[in-house]
Amino acid sequence: MTAHSETASGRLIYGCMGLGGPWGTDGYGAAEVDEAAAAIDAARAIGITLFDHADIYRGGKAESVFGEVLASTPGLRDAIQLQTKCGIRLNEQGLATHYDLSRHGILERVNGSLHRLRTDYVDILMLHRPDPLMDVREVAAAVGQLIAEGKVRQLGVSNMSGAQIGYLQDRLGVPLVANQLEMSLFRRAWLESTVLVNHDDGLGHSFPHGTLEHCLRDGIELQAYGSLAQGRYSGSPSDTPTAADSATAAMLAALAAEKGTTAEAVLLGWLMKHTARISPVIGTSNPGRIAACGDAAAVAAAMTRAEWYGLWVAARGGDLP
């Protein structure tokens with residue numbers, strides 16, 4: 001079973017990590033709820049039906065503002081799919097960050113997410129990061145309970161290797177339907193690890209080789225967060241652009257003009273062209289930028305092999321080995 005159905009936009013997912021105002025313990029107001037509603041409307045307008053959350057996004061406020069929109073919009077919950085994540089704890093027990101996939105931790109955090117989202121269930125629960133202290137029997141017990149109670153319908157993971165997924169899959173008793181990883185034209189270790197086997201350049205990549213192949217073999221959807229590369233090529237990057245960044249941005253702009261679309265659509269189309277059938281997660285809260293992503297599936301279908309490789313080479317700042 002796949003994590004979510006394709007629509008006119010292809011496999012695009014809306015990532016809600018930017019909703020809810022600033023990170024921290026401060027509350028939110030009507031402006032943040034209105035921002036969430038505008039982002040949801042923009043995403044739905046380009047055919048997106050899956051909305052991605054995590055219990056930690058904006059200290060829980062991303063889920064809370066989304067829940068307010070759900071509560072005030074009749075029929076919205078039935079028209080969309082929701083996924084959320086648990087397993088990362090921030091600023092608790094004297095630690096800035098630690099991981100918790102204990103049975104109690106999973107149940108506590110999922111119930112909190114459901115309360116904030118104002119819904120009885122999530123379509124997909126994702127285990128956010130590997131927990132070295134994880135007892136898979138506890139994970140299985142928690143997930144089994146949540147599914148039996150109707151609070152979770154499917155299970156996925158995030159930031160996990162093929163080996164970790166295989167270990168979980170063998171012991172959980174339910175299929176894993178998705179793996180969410182950072183993947184973009186800028187963050188290319190997922191791609192370059194597959195072609196730099198037995199090459200010195202490959203030593204610089206920590207991405208676990210075989211993860212893409214494992215997911216493809218088992219029908220696990222690959223979801224790409226950071227897919228717009230934080231505006232590095234098509235927006236307002238926070239870092240000073242390198243020569244490779246500038247060349248890539250120019251190539252994206254030229255391709256967008258040639259194809260009558262946007263740089264965002266070309267950037268996402270490049271990801272979607274890969275045979276792993278990657279589903280980009282769009283993290284911007286800007287309605288205009290969300291709308292700019294709408295042609296991504298069409299761009300992917302029309303992109304030539306030379307265009308695809310040309311963007312890769314430009315982003316690398318040099319030819320492939």
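**Close-up views of a predicted model**

**View 1. Asp245 in its helix.** Asp245 lies in helix α9 of this predicted model. With a relative accessible area of 5%, Asp245 is buried, since buried means under 20% relative accessible area. Leaving aside residues up to four places away in sequence, Asp245 touches Arg232, Tyr233 and Thr240.

**View 2. Packing of helix α9 against helix α10.** Helix α9 spans residues 243-259 and helix α10 spans residues 263-273. Their axes come within 8 Å and cross at roughly 105°. Angles of 65 to 115 degrees count as roughly perpendicular, and α9 and α10 are therefore roughly perpendicular to each other. On the α9 side, the contact is made by Leu252, Leu255 and Ala256; on the α10 side, by Ala263, Val266 and Leu267. The residues of this contact comprise 6 nonpolar, no polar and no charged.

**View 3. The largest nonpolar core.** In soluble globular proteins, nonpolar side chains tend to be buried together. The largest nonpolar core in this model has 86 residues. Phe51, Phe66, Ile106 and Trp270 are the residues with the most contacts inside this core. Helix α10 supplies the largest share of the core, 8 residues.

**View 4. Surroundings of Phe66.** Phe66 is one of the residues with the most contacts inside the largest nonpolar core. Not counting residues up to four places away in sequence, Phe66 touches Cys16, Leu19, Ile40, Phe51, His53, Ile80, Leu82 and Leu117. Phe51, among these contacts of Phe66, is likewise listed with the most contacts inside the core.

Notes
Residues numbered from 1 in each chain as written. Predicted model: local features only at pLDDT ≥ 70, side-chain atom pairs only at ≥ 80, totals over all residues. Heavy atoms only, no water. Axes fitted to C-alpha atoms, helices over the stretch in contact; angles between N-to-C directions. Helix = DSSP H or I, 4+ residues; strand = E, 2+ residues; numbered from the N terminus. Parallel < 35°, antiparallel > 145°, perpendicular 65-115°, else oblique. Contact = heavy atoms within 4.5 Å. Nonpolar A, V, L, I, M, F, W, Y, C, P; charged D, E, K, R; others polar. Buried < 20%, exposed > 50% of the residue type's maximum accessible area, 1.4 Å probe, protein only. Core = buried A, V, L, I, M, F, W, Y, C linked by side-chain atoms within 4.5 Å.
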